[in-house]
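Please look through the structure shown here before reading on. The briefing that comes after it is meant to be read alongside the structure.

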Amino acid sequence: MKHTDIKDIITDAASYIGKETTVCGWVRTSRNSKSVAFVEVNDGTSLKNIQVVVEKGEGDYKEPRVGMSVKVVGTAVEGRNGTVELNTTPAGIEILGDCPTDYPLQKKGHTLEFLRSMPHLRGRTNTFNAVFRVRSVLAQAIHAYFQSHNYVYVNTPLITGSDCEGAGEMFQVTTIGYNTEYKSEEEYYANDFFGKKAGLSVSGQLEGEMGATAFGKIYTFGPSFRAENSNTPKHLAEFWHIEPEVAFMELDDVIELAEDMLKYVIGDLLKKCPDEIDFFDAHFEKGLKARLEELISHDFARVTYTEAIKLLQESGEDFVYPVEWGCDLQTEHERYISEKVFKKAVFVTDYPKEIKSFYMKQNPDGKTVAAVDLLVPGVGEIIGGSEREADLGKLLHAMEERGMNLDLYSDYLDLRKYGSVPHGGFGLGFERLIMYTTGMANIRDVILFPRTVGSIR
Ligand code: 4AD
């Protein structure tokens, strides 16, 4: 159906004024008076609607209802405040799809919670239009950043035989159910599709390391799956994960990469989505734009885990989870560090080895590993990364300490055997980045169809 995007008409009004123009979209509002009617149409390409002014004349005008889809042929004219409108007659409006009065989005001002009950329709609201445009622009910026720095984009497998994070949070992939006819778990898995236990990958890192030790610099951008029973505003069972992995990169280089990449993508977002950022600033987080501008023009803070624990212990705050060296930082701790102490993005480094994964480079103190998490105000952790243990002996020792089945990791171990190099990388949770850049407080509102514990449709 030949028509013009409303976004193009609005951004380049001068090219359309005085010309016959066709738009297609959904009716947002409709007002009718004796001789003239006004219909606001939105086609999803822009936060802004186009106003259609219908000179009713002698024609038979059938007023379109909110939610109906329409095709409008009219003349573009200058409206009030420099806007562009379409002038038409009743014959210029064709109703493409009816919309009965039980349309749930008849009225404005629904809560996000209510809208979550209709993921298939909520994209038609301004809020979700803005969220998903930001999501799309950020995705493009992430690819642009890595592509322009010689990274190879690799697609790591979603079905895997090895658990990357070792936290036992894998969804199992199977074509047969377990039953008592199997004498052991091994026998059951041997009869299953892959002949061994398989699951959905929690991270593409292990395969990413294989890419990095061949192509030098790689990144992945795909879904990761976590069967963690975390019913929180920042956990999904299926989230999108960006994981750069780089040969010859030590912890400081990993930190530098994370900061540079984030500044680039957020800078690009500010340039490409000014209307969306203003919208979120006005409706969701006052000061969002200033916060993002500040972020891209200043250095991120940096603190070790040990220093962070001291800051938390000396804070005088009444935390729900007690703080002592060796504990995992909870969201309340992460937010205190980034919101109250540093008031900006902060890298926390060198965590106790017991609370981090087997693959992290062991520090000379024997107690900590070269890990880094990036904590940001409002969300908490958005990035987790590390320098990797490149020494075969030390890696084997860490895996044995954790009782891991080395047979499952033989390819991974080979990387330390054949031309091992210092290397590192990180994982950025895409939805957490979108939360941070939009001020949306619940991760369920930044992905089209959220999958969370106890909820799928
Ligand atoms: O800290 P994580 O578990 O690190 C890894 O998976 C490493 N293999 C990454 C690497 O070094 N290549 O996860 C990385 C990031 C987190 O900081 C968070 O932003 C996001 O992934 N993430 C989640 N996002 C939404 N829902 C969940 N359940 C998430 N789990 C992790």
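This is a predicted model: local features need pLDDT of at least 70, side-chain atom pairs count only at pLDDT 80 or more; totals for chains, interfaces and linings use all residues.

Residues are numbered from 1 along each chain as its sequence is written, and side-chain values use heavy atoms, with hydrogens and water left out.

**Leu408**
- Leu408 sits in the loop that runs between helix H12 (392-401) and helix H13 (410-417), where helices are DSSP runs of H or I with at least four residues and strands are runs of E with at least two, numbered from the N terminus.
- Because its relative accessibility is 36%, Leu408 counts as partly exposed, a class that lies between buried (under 20% relative accessible area) and exposed (over 50%), using a 1.4 Å probe and protein chains only.
- Once neighbours within four places in sequence are set aside, Leu408 is in contact with Gly161, Ser162 and Lys196, contact meaning heavy atoms within 4.5 Å.
- The C-alpha atoms of Leu408 and Leu257 are separated by 31 Å, and these residues are 151 residues apart along the chain.

**Ile159**
- Ile159 belongs to strand S8 (residues 159-160), and Ile159 is partly exposed because its relative accessible area is 42%.
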